[in-house]
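Student: I would like to learn how to read a few features of a protein model. Could we go through them one by one?

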Amino acid sequence: MTIDATSTPQGGTPPDGTPPDGTPPGEVGSPRKRTEDARLITGRTRWTDNMTPAGTLHVAFLRSPHAHARITRVDTSQARGRPGVVAVLSGADLAGEQGALPCAWVVTEDMKHPEHPPMAVEEVRYVGEPVACVVARDKYAAVDALEEIDVDYVPLPPVVDMEVALAEGADLVHSGLGTNKSYTWVFENGDIDAAIRDAPVVLERRYVQQRLIPTAMEPRSVLCVPEGEEYTLYSATQIPHILRLMLATVTEIPEHRIRVVAPDVGGGFGSKLQVCGEEVIALLLARRLGRPVKWTESRSEGNMTVHHGRDQIQRLTLAAERDGRIRGLKVDLLADMGAYLMLVTPGIPLLGAFMFNGIYKMDAYSFTCSGVFTTKTPTDAYRGAGRPEATYAIERLMDELAAELDLDPIEVRRRNWIRHEEFPYETIAGLTYDSGDYESATEKALQLFEYDKLRGEQADRRERRDPVQLGIGVSTFTEMCGIAPSRVLGSLSYGAGGWEHAAVRVLPSGKVEVVTGSSPHGQGHETAWAQITADRLGVPFEDIKVLHSDTAVSPKGMDTYGSRSLAVGGVALYAACEKVVDKARRVAAHLLEAAEQDLDFSGGRFSVRGVQDEGATLQEVASAAFAAHDLPDGLEPSLDSDATFDPDNFSFPHGTHLCAAEVDTETGMVKLRSYVAVDDVGKVVNPLIVEGQVHGGLAQGIAQALYEEAVYDAEGNLTTTTMADYLIPSAADLPTFITDRTETPATSNPLGVKGVGEAGTIASTPAVVNAIVDALRPHGVHDVPMPCTPERVWRALRTEQDPPGASGDLGSTPGGPTPAGGGLGSAGGAQ
């Protein structure tokens, strides 16, 4: 998989970093290699699992083999006698102090929110739920001793199917709730019934977003070191600041006694946006035993117990005119919560509520989501978090509409999307898109893709009845990211704000330390943040150090998720730099005996306007401030500044992704022949980092389309617990991506930046599936369930599918549910 950017991004720089006009480049916009890569790639860094302080004890967890059962007895006596074992504890042993894991997003007033103990006490509700733990002098002794713990279970009925779970008389995951429904959340704008009634075209579809397992390079790991009455917890986490607060809340250890450090973290994708039971237990054990306690999960353990992603059933109704203009969209969603509500579990599908309309205009929109409990591992944030699911639905529907009307998929989108001159635009879902140019991104993508040429080849193959058919998939998307506006989050009952904090410390020598509340786990903060600071302060890039991910060093922050790092955290840094310049201006004016308003600041130097020979560098000003020998009265001897930024709006990156897929109709094999991604992420700080984010996102989105699926059997057992069973692609399985950009700066922040971390994942899945279905339409196929494995493609070709569910003058009557996913089906429990 190689970078193949074939043209200079609009408003950007060529690969050597030199702008088209030949002027020397600044840091922002320059493709500087990441400074953190040397230590990360060589492994000469610090991550949680390679930290073992003197006296460290290791913990291993005994996990339930049942999807649902009552615990009647836990006998730990034999395990306690094993060599090297220090302590063995059941959930009952810790019941008085372990508290309950938090859910920070109560989406409705009547939401059902069962208590979630870090270790089960009376009942287990998914395979892998911890029941007891062993603490030993080494991890092998701890794991071996697990075999000596004897647990008696009374099996209870598993609940693995959402639609069955909502049926009358269904077995209950939590008997005390009296229902398997956690909540129903509704959003409506416009008269959806009128929009659908008498519409010339009505399409009804049922799509399934399969359950996915985040597969970060580094498994979860935690080390808790007690220091008197204080505790330092090292964790492979995305959220050190949030984790600190939640640990204090759960354990009642005062927050100021807890320090959380996230060392270099090997990926997260949302899976480490969590307060894990293992983190709570490690803290409690360290307090109880007075020694460092460490736990690192195995890959199989992680597949069972790290929170999962997606797992939704989408029932969709799209009403349109004969010319393809959309009248309205109705979404009826079932979202699998798993057995418990984790940190933001219930809110994840609701993030998609504002994105099902995509980039399109319509008269009416209705969204209903029901959260459903099952005896499966809980779900929560996974790269894109609700927006990939929404984008998949609307982009699949747009291709279905094009097929129904015999229009080109690009043309039906052009007839519906928001035009560039209409921005800012308030959408039917209630968001205000501040900027965008879907026309330019699409035109560039079509040129790079050679769209017309490929359509010609497709027609030729169809005419020749070639067994290998060519399909072309389209995805024109936008997303809301930079999860931030605190007032908006408050209106959605989210339990925290969305601001971010940064501080700039100008040292006496003129070197600079940047402190950020955003906590990276592979995004390149140390490089990008130094680039922003270097340009704004005129300090050499090499003179800047970025500090992060330690609550003792960076005490304020809301951490990293939702593509918010740059659009929120980077802008907070920009604001802090502005304050540094303002402070320095006062000192410089005093030193130069000039009025502040007469000073210009450029390239790190203050100069008196009109007097070229008089000036002072930022370093000279910093030295004078440190000495404090001659400062104006009342001016503090420091240039240090901090800032908190809370945007007024989300940011809305967008783009057009095109995929060409060859599908062998005899074997079902799918080969991605070419893939073009043209994204608009606003102003770009570092093109290389953007390319890396896009490539990683594409890999994950394509993986959902073709490879990945967490599979449970009828008894609630996860059957994809190893990398041999849960298939993720390697670089060899992916095509060479052609990537490029257009640029419409965001108006919601002074840097003009938008998020990029999730764009590739959001856009690529529908592009790939649309390509596969496009190849198979002549064979009567209108859907292939994800992942589109060769077997599923082969079966779709050999299964007579119901009509795709069009109604009105142009099509057939709606069809019922089919194995391939057509038809609306019943409304289930979303009442």
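Student: Which residues does Phe-356 touch, leaving out those up to four places away in sequence?

Tutor: Keep in mind that this is a predicted model. Here, contact means heavy atoms within 4.5 Å. Phe-356 meets Gln-314, Leu-316, Leu-329, Val-331, Leu-333, Tyr-365, Phe-367, Glu-389, Ala-390, Ala-393 and Ile-394, with residues up to four places away in sequence not counted.

Student: How should I read a nonpolar core, and which residues of the largest one touch the most other members?

Tutor: The general idea is that in soluble globular proteins, nonpolar side chains tend to be buried together. In this model the largest nonpolar core has 144 residues, and Phe-356 is among those touching the most other members, along with Trp-185, Phe-367 and Ile-772. Helix H10 (residues 387–405) contributes the most to this core, with nine residues. Domain 1 (48–156 + 217–267 + 272–304) and domain 2 (384–480 + 651–800) each supply at least three residues to this core. Another core, of 49 residues, lies apart from it and includes Val-504, Val-506, Ala-534 and Phe-645.

Student: Into which domains is the protein divided?

Tutor: Besides domain 1 (48–156 + 217–267 + 272–304) and domain 2 (384–480 + 651–800), there is domain 3 (499–645). Between the C-alpha centres of domain 1 and domain 2 the distance is 39 Å. Seven residues from domain 1 and nine residues from domain 2 make up their contact.

Student: What does UniProt list for residues 42–157?

Tutor: The unreviewed UniProt entry gives "domain: Aldehyde oxidase/xanthine dehydrogenase a/b hammerhead" for that span. In the model, residues 42–157 are 10% helix and 30% strand, and their end C-alpha atoms are 49 Å apart.

Student: Now for a sheet. In what order do the seven strands of the open sheet come?

Tutor: Read across, the order is E3-E5-E1-E12-E9-E10-E11, with mixed pairing. Strand E3 (85–90) and strand E11 (258–261) each have a single partner strand, so one side of each lacks a neighbour in the sheet. From one strand to the next, the twist averages 20 degrees.

Student: How many bridges join E3 to strand E5?

Tutor: Five bridges link E3 to strand E5 (residues 130–136), and the two run antiparallel. Ser-90 is placed opposite Ala-132 in E5.

Student: And which helix packs on the sheet?

Tutor: Helix H7 (residues 277–289) does, touching strand E1 (57–63), E3, E5, strand E9 (221–227), E10, E11 and strand E12 (293–296). The direction of H7 makes about 25 degrees with that of E9. Helix H6 (residues 240–251) lies across strand E10 (230–235) and E11, and runs at about 150 degrees to E11.

Notes:
Residues are numbered from 1 along each chain as its sequence is written. This is a predicted model: local features need pLDDT of at least 70, side-chain atom pairs count only at pLDDT 80 or more; totals for chains, interfaces and linings use all residues. Side-chain values use heavy atoms; hydrogens and water are left out. UniProt positions are given in the numbering used here, feature names are shortened, and annotations may be inferred rather than shown by experiment. Helices (H or I, at least four residues) and strands (E, at least two) are DSSP runs, numbered from the N terminus. Two strands pair if DSSP finds at least two bridges between them. Axes are lines fitted to C-alpha atoms, for helices over the stretch in contact, and angles run from 0 to 180 degrees between N-to-C directions. A nonpolar core is a set of buried Ala, Val, Leu, Ile, Met, Phe, Trp, Tyr and Cys residues joined through side-chain atoms within 4.5 Å. Buried means under 20% relative accessible area, exposed over 50%, partly exposed in between (1.4 Å probe, protein chains only). Domain bounds come from an automatic or database domain assignment.
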